[in-house]
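Please read this briefing alongside the sequence and the structure. The points are grouped by topic.

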Amino acid sequence: MKKMITIVTALALIVGVGSALAYKELNGPSDHSPALAKTFKSTEEIVKDSKVIIKGNVPKEYRKETVGEIVFFVYDVQVDKVYSNLTDQEIVEGETVEVYRLVGVDTNEGKDMVNIVSPEYQALGVCKIFCVNSQPLNYN
């Protein structure tokens, strides 16, 4: 009788541990990001998904614009070189374009803005080349 209880207990433990491992494997993290923004694993993926690729100098100064409840930082970027432009807007080297950086949502209910991008990453910083996926560039 003791032998039978030991065998049943051992089988129950094996089945329990096996089920836990299978559940963990099936419900583990995937390649898809739960983030609000699209993520890329390589430069090639970014280039393939981009509608506009330009080289320009980003000024440190920006202006804050709100469209409805969406808050953007807007940078006036002088275009040094156009590598790719799959949009219907003509972008000419030497001209200035506006680059909109989505940063948050402001519900104007007396509360702080809800950050979509962490405050330390909201500013574009020093960038030389832009790949713009879905947000259009607007001329000054």
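Arg 63 and Glu 98 form a salt bridge whose closest N and O atoms are 2.3 Å apart. Arg 63 belongs to strand 2 and Glu 98 to strand 4 (residues 96-105), so this pair ties together parts that lie 35 residues apart in sequence. The model is predicted, and the salt bridge is one of 3 that the structure holds.

**Salt bridges around Arg 63**

- Arg 63 also forms a salt bridge with Asp 76, with 3.4 Å between the closest N and O atoms. Strand 2 (residues 63-67) contains Arg 63 and strand 3 (residues 70-85) contains Asp 76, so the pair joins parts that are 13 residues apart in sequence.
- A further salt bridge brings together the side chains of Arg 63 and Glu 65, at 3.1 Å from N to O.
- Arg 63 is partly exposed, with a relative accessible area of 29%. Glu 65 counts as partly exposed at 23% relative accessibility, and so does Asp 76 at 32%.

**The nonpolar core**

- The largest nonpolar core has 12 residues, among them Val 52, Ile 54, Phe 73, Tyr 75, Ile 91 and Val 103.
- At least two residues of this core come from each of strand 1 (52-57), strand 3 and strand 4. Which strand gives the most to this core? Strand 3 does, with 5 residues.
- Tyr 75, one of the core residues, touches residues from several parts of the sequence, including Val 58, Tyr 62, Val 97, Glu 98, Arg 101, Gln 122 and Leu 124. Residues up to four places away in sequence are left out of that list.

**The surface**

- Ile 7, Leu 11 and Ile 14 make a nonpolar surface patch of about 300 Å².
- Ile 7 is found in helix 1 (residues 2-26) and counts as partly exposed, at 45% relative accessibility.
- The chain exposes about 10,500 Å², of which carbon and sulfur atoms supply 58%.

**The chain as a whole**

- How many helices and strands does the chain have? There are 2 helices and 7 strands, and from the N terminus on their order is α-α-β-β-β-β-β-β-β.
- The chain has 140 residues, and 19% of them count as buried.
- Among contacts in the chain with a separation of 6 or more, 59% are between residues 24 or more positions apart.

**Confidence in the model**

- The average pLDDT of the chain is 75, and 76% of the residues score at least 70.
- Where is confidence lowest, and where is it highest? The lowest is in strand 7 (residues 138-139), with a mean of 42, and the highest is in strand 2, at 88.
- Strand 2, with that highest value, is also the strand in which Arg 63 lies.
- Over residues 134-140, pLDDT stays under 50. The model has 25 contacts beyond four places in sequence for these residues.

Technical notes: Residues are numbered from 1 along each chain as its sequence is written. This is a predicted model: local features need pLDDT of at least 70, side-chain atom pairs count only at pLDDT 80 or more; totals for chains, interfaces and linings use all residues. Side-chain values use heavy atoms; hydrogens and water are left out. A salt bridge is a side-chain nitrogen of Lys or Arg within 4 Å of a carboxyl oxygen of Asp or Glu. Buried means under 20% relative accessible area, exposed over 50%, partly exposed in between (1.4 Å probe, protein chains only). Helices (H or I, at least four residues) and strands (E, at least two) are DSSP runs, numbered from the N terminus. pLDDT is the predictor's confidence in each residue, from 0 to 100. Contact means heavy atoms within 4.5 Å. Patches are made of residues with over 30% relative accessible area and no salt bridge: like charges are joined within 9 Å, nonpolar side chains (Val, Leu, Ile, Met, Phe, Trp, Tyr) within 5 Å. Accessible areas come from the Shrake-Rupley method with a 1.4 Å probe; for residues, only the protein chains shown count as cover. A nonpolar core is a set of buried Ala, Val, Leu, Ile, Met, Phe, Trp, Tyr and Cys residues joined through side-chain atoms within 4.5 Å.
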